[in-house]
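Visitor: Please take me through one part of this fold in detail. I would like to look at the strand pairing.

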Amino acid sequence: MSKSISGFSKLTKSKKIDWIVDTYFSNTEEAKRVLIQYWNTDEKLQQLHDEFIENTITNYYLPLGVAPNFLINDRLYTIPMAIEESSVVAAASKAAKFWLDRGGFKTRVVSTTKIGQVHFIYKGDFNKLSQFFSVIKSKLIEDSKSITSNMEKRGGGILDIELRDKTKDIDHYYQLHASFETLDAMGANFINSCLEQFATTFKREALEFYAFTEAEKQIDIVMSILSNYVPDCLVRAEVNCKVEDLSESDSISGEAFAKKFVQAINIAEVEPYRAVTHNKGIMNGIDAVVLATGNDFRAVEAGVHAYASRKGTYSSLTHAKIENGIFSFWMDIPLALGTVGGLTGLHPLVKLALELLHKPSAKELMQIVAVAGLAQNFAAIRSLITTGIQQGHMKMHLMNILNQFDANNEEKERITAYFKTNTVTHSAVVEAINKLRE
Ligand code: MEV
């Protein structure tokens with residue numbers, strides 16, 4: 001039976017580990033060894049990681065891979081990707097190479113506005129609240145000056161604040177709905193600090209507003225928080241080429257490929273069961289770059305999926321068409337990213353990833369990340385409508401199976417060679433290992 005503990009966060013790292021292994025593991029020495037083998041020998045680097053979060057006991061590795069040959073707006077990029085799924089980097093690299101020979105990816109940032117809200121309860125006359133808001137609006141902005149002045153010097157800041165009546169949804173519920181430009185910062189801390197200041201000013205000034213009754217003066221702030229739904233922080237990525245240029249082999253003509261590709265996209269546009277998997281494939285590319293560049297992939301995921309359902313049904317993020325002999329494939333995607341602040345200046349691998357990407361601005365990073373998503377989707381659809389997904393997947397998964405069976409280097413070499421011309425399935429690999437070991 002496991003037991004609860006108080007004051008855990010105050011224990012030293014080694015005492016935390018002692019408690020965990022004693023409480024949850026039968027082989028305490030082995031559990032300790034596994035945890036400790038991931039500690040970095042560079043104590044300063046380890047301390048940096050220890051201090052990212054509370055109760056760090058070790059490091060959790062993901063591979064950092066790179067996908068070269070991405071031509072984006074006529075500039076070449078090698079894209080860093082942190083991901084565990086075996087086929088993702090290979091698929092990205094393949095798609096990059098494919099489009100390198102066909103003009104590359106074109107991208108543009110459509111908009112960069114982010115949103116935050118103060119949610120509050122007001123029990124009174126809406127006209128008076130509206131009048132109060134018009135009087136107080138400039139004060140809300142003025143009181144936030146100490147937070148916004150640096151951002152304003154660089155051209156960003158608060159764009160607008162609106163009063164929104166939400167009483168149709170919940171009795172007495174209103175919002176201050178604010179929009180922000182946060183430039184190269186993802187902006188979560190900036191936006192949340194502004195919102196909390198708005199809330200303080202709003203509540204304080206309400207107490208003084210001449211037209212409010214005593215009851216109306218008691219504005220109840222529920223919460224102040226940014227929104228990860230960012231439909232106006234949008235980037236477009238696309239590829240175009242002549243239909244006949246799509247063909248790479250004799251097995252399928254460019255025209256047949258384009259038609260089938262568009263059909264596959266159309267299905268994901270109308271069928272939510274397919275759309276979720278389709279978009280998951282896009283997120284394979286997006287999350288890997290978002291993570292490698294020290295951004296918040298949970299925020300991106302939440303915002304992207306909300307955007308994919310904005311018309312009331314969950315739908316494909318990508319679209320494709322054939323027009324006048326030209327195949328076009330594109331995606332609009334909301335991405336709130338930063339290239340300053342947060343982990344970006346702190347995590348050595350994040351700094352390295354950003355340097356690899358030519359030290360991008362947030363707008364440039366939005367475009368690179370969108371391309372990674374579009375490329376990933378292209379690679380997935382291409383496999384799905386031609387060879388099927390398992391061929392590529394299982395080829396890449398082969399090494400995982402071999403590692404599960406503790407194959408040595410010679411066994412790996414011989415089995416990989418065998419499966420160059422044979423279909424990889426889990427049972428076929430197990431059979432090949434057993435045969436080799438007989
Ligand atoms: C697997 O991680 C992603 C795919 O399922 C995406 C798709 O079906 O489009 C291959």
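Guide: This is a predicted model, where local features need pLDDT of at least 70, side-chain atom pairs count only at pLDDT 80 or more, and totals for chains, interfaces and linings use all residues. Residues are numbered from 1 along each chain as its sequence is written, and side-chain values use heavy atoms, with hydrogens and water left out.

Start with helix H10, residues 297–308. Helices (H or I, at least four residues) and strands (E, at least two) are DSSP runs, numbered from the N terminus. H10 lies across E8 and E10 and runs at about 120 degrees to E10. Such angles run from 0 to 180 degrees between N-to-C directions, with axes fitted as lines to C-alpha atoms, for helices over the stretch in contact. Contact means heavy atoms within 4.5 Å.

E8 (residues 234–242) and E10 (residues 326–334) run antiparallel, joined by nine bridges. Two strands pair if DSSP finds at least two bridges between them. Leu234 faces Pro334 in E10.

Both strands belong to an open, antiparallel sheet of four, in the order E3-E8-E10-E9. E3 (106–109) and E9 (318–323) are the edges; each has a single partner strand, so one side of each lacks a neighbour in the sheet. On average, neighbouring strands here are turned by 20 degrees against each other, direction ignored.

Next, strand E4, residues 114–121. Eight bridges tie E4 to antiparallel E6 (residues 173–181), with His119 opposite Gln175. E4 also pairs antiparallel with E7 (residues 220–226), over six bridges. There, Val118 stands opposite Ser224.

Definitions and conventions: Buried means under 20% relative accessible area, exposed over 50%, partly exposed in between (1.4 Å probe, protein chains only).
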